[in-house]
Amino acid sequence: MARRPLPSILSSRPALVRGRDLARTAADGATDVLHPVITIAKGMRRQAAWAGGWWGRTPKEQRAPALLLAAAGVVIVAMMPYGPVLGVVALTASAAWLGRDRAGAAPAGPSQAEAVRLQSLYEALVPYLSDAADPAPLYTHDGSWDRAFGAHEFRDGRLVRLRLRYPAYFTDGEADSRARVEQLLHAKAGRGREYRFDWNEEENHLTLTALPPLPTDVVAQRFVTSPGETVLGFTGADAVQRTVPVTAGGRTQDAPPVVWRTGARSTEPHLLALGQPGTGTTSLLRSIALQALVHGDVVVIDGSGTGEYACLAGRPGVLAVEDGLLGAAATLEWAAHETERRLITVNRSRQSGTAVPDDVRRPLWILVDRPTALTQLAMAEGRPDPQALLDVPLRHGRTANVAVAVADRLDATETLAPAVIAQTRARVVLGPLAPDHVAAVLGAAQRTTPASDVPPGRGYARLGTGPVLRLQVPATPDPYDEETSPAERDAVLALLPGAPPASGPVPEPTAAPGREPVVLGKDAVVRTVADLEPG
């Protein structure tokens, strides 16, 4: 028996399809024709929503006067010639303005050039983040970047942020594996910039961020700090949670500082700064001295003997500036006994329940530049190492309100005294250095790639067990140097105690009000601890 063909309504529905197309075309045409009406309706709905929100925000005692004022406005418009017509036109025009689609279409994704960059970066990561035994690899040679890359951002055609996933079997806990991936991303994302890598081992993703360069036009100036706080320099905006106003380039702006805290409650009361010649370690000590003179006294030991601290000699609050072996040894011996005297005074004040005297509460800063040079001179002359005299201030300076800051060359670390290395918990390293050298000095690896351009004062800092921070030391050159610019010279001279105006002559150093100037030379008299005992 032959089968009959199915009716056309069950096999195909061309009439229904044509009907849907006609309905869709009619709807699109009606939308185009009625678009002004739809826009005005949206605007009126937004106007009503605004009026309802305003009425809800208005206090109850002010609603009656508001209604009276609105009614008076309506009556005035109604009594004006052509007033109702003009009112309706104005209301319609405002509704049309509010109802328009102001938001542009959101971009569907990266541009063609950006997609090519992301695909190239994805393919470069395949040898590092793939495994032949993986049944469902995330990174394959014929794969697509959108499987592994999440959020990404381009600026001026260059990649500034990227969040990528990686397989769980990748050895993200090994420094070598991380370094290989970071080196590849640094090369492919674009050299000449600093990048920060944030590894999330729990969720298996890595975030790459291009960091803006640190400001290099900040010169020495008065920073807004509390007693016991010293600004070592400035870092990135997302590295610290504090900003201070600074003047740079003729304008005032907020900059994130790296603040070093000293005193009895500090966990890192002493500082060690290392770097090659010309990287800014001397400028850092000079900046610390200018800030310390606001609230304390300063002793400067210049082991290089080049006169870099001549501008501080004889100033109020500067107890000594020594650059010779004998004078430096005598000054450091005095500083050791001064620390002991302060310890005895603090102990007696605590036992008797009285306040600590003002001369002990006033901070004492010992700034030592290139102590290894003095060590070599002492060894040549058969004298004791002057660094041994820093043992007492370094070990007991926190209780005695004595802070020690040491700066030296990076290639002379083997000559530094063990007490200097052990007791300086605040570390600064300046200059173009390899990441291994930075980690050796600071005790932790840096989270950013090295900068391509390293100006003087550029480096890294770590305070205690905190994170490694990028650092740019404020420009604090020697004002007596002929190569110093007039602007920087005036800025440093203005911070010196008793400093004259920039255009006037340099007066003789004077003592601070109520204080006698202390002069320590090669013939300085050093008191022993026994002399400090009563009677």
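This is a predicted model: local features need pLDDT of at least 70, side-chain atom pairs count only at pLDDT 80 or more; totals for chains, interfaces and linings use all residues.
Q: Thanks! At what angle do α9 and α12 pack?
A: Helix α9 (residues 325-352) packs on helix α12 (residues 391-400) at about 35°, and their axes are 9 Å apart. Axes are lines fitted to C-alpha atoms, for helices over the stretch in contact, and angles run from 0 to 180 degrees between N-to-C directions.

Q: And which residues make the contact of α9 with α12?
A: On the α9 side they include A335, T339, L343 and V346, and on the α12 side V392, P393 and H396 are among them. Contact means heavy atoms within 4.5 Å. By class, the contact of α9 with α12 has seven nonpolar, three polar and three charged residues. Ala, Val, Leu, Ile, Met, Phe, Trp, Tyr, Cys and Pro count as nonpolar, Asp, Glu, Lys and Arg as charged, and the others, Gly among them, as polar.

Q: How about α6 and α7, what angle do they pack at?
A: Helix α6 (residues 112-129) and helix α7 (residues 175-189) pack at about 160°, with axes 11 Å apart. They are therefore roughly antiparallel to each other, a label for angles over 145 degrees, with under 35 roughly parallel, 65 to 115 roughly perpendicular and the rest oblique. The crossing of α6 and α7 is right-handed. Residues in the contact include L121 and L125 of α6 and V181 and L184 of α7.

Q: Switching to strands: is β12 buried or exposed?
A: All six of the six residues of strand β12 (residues 364-369) are buried, so the rest of the structure largely encloses this strand. Buried means under 20% relative accessible area, exposed over 50% and partly exposed in between, using a 1.4 Å probe and protein chains only. L364, I366 and V368 are buried on one side of β12, and W365, L367 and D369 on the other.

Q: Which strands pair with β12?
A: β10 (residues 297-302) pairs with β12 in the parallel sense over six bridges, and β12 also pairs in the parallel sense over six bridges with β13 (residues 402-409). Pairing requires DSSP to find at least two bridges between two strands. W365 is the bridge partner of V298, while D369 stands opposite A407 in β13.

Q: What does β13 join on to besides that?
A: Strand β9 (residues 271-275) is joined to β13 by five bridges, and the two run parallel. In β13, seven of the eight residues are buried.

Q: Where is R370, and what is its phi?
A: R370 is found in the loop between β12 and α11 (371-381). Its phi is near 55°, a positive value in a residue other than glycine. Most residues other than glycine have a negative phi. R370 is partly exposed, with a relative accessible area of 23%.

Technical notes: Residues are numbered from 1 along each chain as its sequence is written. Side-chain values use heavy atoms; hydrogens and water are left out. Helices (H or I, at least four residues) and strands (E, at least two) are DSSP runs, numbered from the N terminus. A crossing is left-handed if the near helix is turned anticlockwise from the far one by less than a right angle, and right-handed if clockwise.
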